[in-house]
Amino acid sequence: MTSLNFETIFQSKIDDETKIEPKDWMPDAYRKTLIRQISQHAHSEIVGMLPEGNWITRAPSLRRKLILLAKVQDEAGHGLYLYSAAETLGADRDDLVQQLLTGKAKYSSIFNYPTLNWADIGAIGWLVDGAAIMNQVMLTRTSYGPYARAMVRICKEESFHQRQGYEIMIAMAKGSPEQKAMAQDSLNRWWWPSLMMFGPSDSESTHSDQALKWKIKRKSNDELRQQFVDVTVPQAEYLGLTVPDPALHWNEARDHYDFGEINWDEFWSVVKGNGPCNRQRLQARVKAYEDGAWVRDAAIAYAEKKEQRKLAPEAAVKAA
């Protein structure tokens, strides 16, 4: 059977909503696209632990500490699910991690912004996790089976994270004038980076068309961004906070909110490594990797020793 026939069968499965599984034939470009997307997603979950982990010991109550600790732990688990999904495509986890540590691989630009006060933890849960859910719910129906199944659990946990963040914002916005001012300040700083999370505009996105055809993605960047704005603006109004966009208004004809132009120069600068915390984030990950070398070495040594003990009786039997 020719490669053209394989591709026809492959696309027919995609069109029929049949999941592609690890042992199925797939185009090299499909495999490569998935490895890139899934690994970037995994890196984002791991790096995303840092802005919030910074506040675990400084959370305002024991309850808040416990909730935030559980959330950061969830993010670590999400990264592990996703690295495992990438491995089903033939990717090597160590190689993926090295690509992150050397700066070769990208992760979500949102995590290169600092968390300056406690309200930022609420804003991250509300806006950042809210934007992530908007994208990730779509991925529960992505065409690659292991990725879709991993996203089911991830989305359930991210939904809790979003509610937890919004609950913090409610407490801040309905609190003292100083607390409400902190909440507004956080919204001011996190609004535009959250809109950037959906990636470049459709006209500038180099992968979107093919990803949509293969149903890796179900909606374009701009569609998801519009959906996020439409859902989130009423939430801000409920809080009594002002979205920092003078151009924002409801368009009756479109039945959507119109909003201002994103600062794409800032977006690309952060993507290229020039954001407020790019260097800090990578330095933290490199240090964690180096500090954890003894754990990895011990685990490998234990596994080898266990395997040797397993083989020893078999060798003795053969010798007899």
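Predicted model: local features only at pLDDT ≥ 70, side-chain atom pairs only at ≥ 80, totals over all residues.
Residues are numbered from 1 along each chain as its sequence is written, and side-chain values use heavy atoms, with hydrogens and water left out.

Let me start with the second largest pocket, where a pocket is an open set of points on a 1 Å grid over the protein atoms alone, where a 1.4 Å probe fits, with protein on both sides within 12 Å along at least five of seven lines. The space in this second largest pocket is about 390 Å³, a volume being the space filled by probe spheres set on the points. Its lining, meaning residues with an atom within 4 Å of a point, has 15 residues, and those closest to the centre are Leu80, Tyr83, Val97, Arg285 and Tyr289. Helices are DSSP runs of H or I with at least four residues, numbered from the N terminus, and H5 (93–101) is among those that supply at least two lining residues each; H5 gives the largest share, five residues.

Turning to the cysteines, a disulfide is a pair of cysteine sulfur atoms within 2.5 Å, and the count is zero.

Finally, Thr115, in the loop between H5 and helix H6 (118–139), is buried with a relative accessible area of 8%, and a polar atom of its side chain lies 2.9 Å from the backbone oxygen of Pro51.

Technical notes: Buried < 20%, exposed > 50% of the residue type's maximum accessible area, 1.4 Å probe, protein only. Polar contact = N/O pair within 3.5 Å; in protein donor to acceptor, adjacent residues only side chain to side chain.
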